[in-house]
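I open this notebook to record what I looked up in one structure. The entries follow the order in which I consulted it.

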Amino acid sequence: MTPDVESTEGPKARSDGRPIGLGIAGLGMAGAVMVQAAAAHPGYVLRAAADPHPGPRQAFARDFAARTYADVSELCADPEVEVIYVATPHQFHTPHAIMAAERGKHVILEKPMALTLADCDTIIAATQRSNVWLIVGHTHAFDPAVRLMRTMIASGDLGRLGMINSFNYTNFLYRPRRPEELDTSKGGGILFNQVPHQIDTVRLLAGGLVRSVRAHASVLDPARPTEGSCMALLQFDNGASASLTYSGYDHFDSDEWHFGLSERGAPKQLSHGAARRALESVKEETGLRTRNYAYGSSQAGLPPHQPHFGITIVTCADGDMRASANGVTVYDRNGIQEVAIPPSPGMAGRHEVLDDMLAALHHGRRPVNDGRWGKATVEVALAILRSAREGREVTLEHQVAVDDLSR
Ligand SMILES: NC(=O)c1ccc[n+]([C@@H]2O[C@H](COP(=O)([O-])OP(=O)(O)OC[C@H]3O[C@@H](n4cnc5c(N)ncnc54)[C@H](O)[C@@H]3O)[C@@H](O)[C@H]2O)c1
């Protein structure tokens, strides 16, 4: 059993109201989206970025008149960078988060926090030693619709929470991959990449404390030998349960059932099987990855609808609810009611990640998605893997509760 690390009171609040200097480690797909989110957020100024590839570095430097580095250690030494968003490949999450913390930078760390509970503990310990804030995200638990459903559950208006059904069918496994992304032992496959969004979401909705997991996972394509689909039943301490279903095999696309909208909330051309077909004729697929930060990409229009991750249906004693295109739909004894969410002032989901870091820095408010929360989500992902491999229920030991129901 890995010992839990005690939480501290957190760093001293900063009250001068200046925009926070943000640095980006990894200007790939996730980095590019966060750059767009930060560029639209008045609380931040993009100061610097690090990536081994010169193309995205040059684009970022030109767009923001900012400094760039080939190595994350140089970014960590930049005196104008106060917060570092770590969006490098999984194997670098632990060293880069520790490096940033040791240079006194607050850290936003992409999911999965790490690949082992021991590494999660090492990261938590480093942030505590340096007295810096840590947020693990983005995940879709930051989506405004998920937060609204959490508030509605906590209000008790729909009665006791019974169960949550989360399912998502995508083309995940057939997006161009590096070899390690198809190797589960190196963090490949859906359990480290996609299912953490679902785990974080249902943990937030149900209060955080997963008691046990029973799961089944499949490797259905021997040419891509990592888990591409899974079903898991999570039981919570409070009696609620959640079922998670994910398939990344590019057949059915569940966005067909979510108003034809993409994960980030833009109208989407559904193209079943297209990602598989695109790979059939290529010998070396990593060359097809073209999702790095590019000139002007931070100026692209923001999605017109709310982000989502598949379909999430929440069942309470007196009604059901689900995320909709622009809010939350409630189904109860009075029929159907739409609760609208005001349009986001920035990129919904990522904006909330940045807001939570500001709330920590300016008001000392501990984020829900801190290191212990991120570790608890990794614990559930590892338990799903273990339950599927061993064919048994797995009990959990490092879960943490949502401590502020109003978020
Ligand atoms: N929250 C989300 O919705 C979301 C979406 C996509 C990816 N992610 C996460 O973000 C991380 C990156 O994924 P991605 O899809 O952007 O991958 P990617 O391959 O598109 O981008 C990774 C970037 O990191 C750079 N890089 C590699 N080694 C580096 C190093 N040592 N130092 C600095 N930069 C380095 C690469 O050149 C590349 O530009 C992963 O952990 C992934 O799970 C999260």
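**Entry 1: helix 5 and its partners**

I began with helix 5 (residues 117–130) and helix 11 (residues 371–390), which pack at an angle of about 175° with their axes 10 Å apart. The model is a predicted one, in which local features need pLDDT of at least 70, side-chain atom pairs count only at pLDDT 80 or more, and totals for chains, interfaces and linings use all residues. Residues are numbered from 1 along each chain as its sequence is written, and side-chain values use heavy atoms, with hydrogens and water left out.

I noted that axes are lines fitted to C-alpha atoms, for helices over the stretch in contact, with angles from 0 to 180 degrees between N-to-C directions. Helices (H or I, at least four residues) and strands (E, at least two) are DSSP runs, numbered from the N terminus. Helix 5 and helix 11 are therefore roughly antiparallel to each other (angles over 145 degrees count as roughly antiparallel, under 35 as roughly parallel, 65 to 115 as roughly perpendicular and the rest as oblique).

I then listed the residues of this contact (heavy atoms within 4.5 Å). Helix 5 contributes Leu117, Cys120, Asp121 and Ile124, while helix 11 contributes Gly371, Arg372, Lys375, Val378, Glu379 and Leu382. By class, the contact of helix 5 with helix 11 has five nonpolar, one polar and four charged residues. For these classes, Ala, Val, Leu, Ile, Met, Phe, Trp, Tyr, Cys and Pro count as nonpolar, Asp, Glu, Lys and Arg as charged, and the others, Gly among them, as polar.

I turned next to helix 4 (residues 93–102), whose axis comes within 8 Å of that of helix 5 and crosses it at roughly 10°. Helix 4 and helix 5 are therefore roughly parallel to each other. On the helix 4 side I found His93, Thr94, Ala97, Ile98, Ala101 and Glu102, which meet Asp119, Thr122, Ile123, Ala126, Thr127, Arg129 and Ser130 of helix 5. The contact of helix 4 with helix 5 divides into five nonpolar, five polar and three charged residues.

**Entry 2: the whole chain**

I counted 11 helices and 15 strands in the chain. The C-alpha atoms fill a box of roughly 55 × 55 × 45 Å along the principal axes. For 407 residues, a compact globule would have a radius of gyration near 22 Å, and the 20 Å of the chain agrees with this. The radius is taken over C-alpha atoms, and the globule rule is 2.2 Å times the number of residues to the power 0.38.

Of the 407 residues, 56% are buried (under 20% relative accessible area, with exposed over 50% and partly exposed in between, for a 1.4 Å probe and protein chains only). Among contacts between residues at least 6 apart in sequence, 72% join residues at least 24 apart.

**Entry 3: two buried residues**

I looked up Val195, which is found in helix 8 (residues 195–206). Val195 has 0% relative accessibility and so counts as buried. Setting aside neighbours within four places in sequence, I found Val195 in contact with Ile190, Cys230, Leu244, Tyr246 and Ile384. Val195 and Ala360 lie 165 residues apart in sequence and 27 Å apart in space, C-alpha to C-alpha.

Thr312 lies in strand 11 (residues 311–316). With a relative accessible area of 11%, Thr312 is buried. Beyond neighbours within four places in sequence, Thr312 is in contact with Ile164, Asn165, Ser166, Leu205, Met321, Arg322 and Ala323. Between the C-alpha atoms of Thr312 and Ser324, 12 residues apart along the chain, I noted 9.7 Å.

**Entry 4: backbone details in loops**

I recorded a cis peptide bond from Lys111 to Pro112, with omega near -10°. Pro112 has its place in the loop between strand 5 (106–109) and helix 5. Gly137 and His138 are also joined by a cis peptide bond, with omega about 15°. His138 is in the loop between strand 6 (134–136) and helix 6 (144–155).

I also noted Asp250, a residue other than glycine with a positive phi, near 60°. Asp250 is found in the loop between strand 10 (241–247) and helix 9 (274–280). Is Asp250 buried or exposed? At 5% relative accessibility, Asp250 counts as buried. Phe259 is found in the loop between strand 10 and helix 9, and its phi is near 60°, a positive value. Phe259 is partly exposed, with a relative accessible area of 47%.
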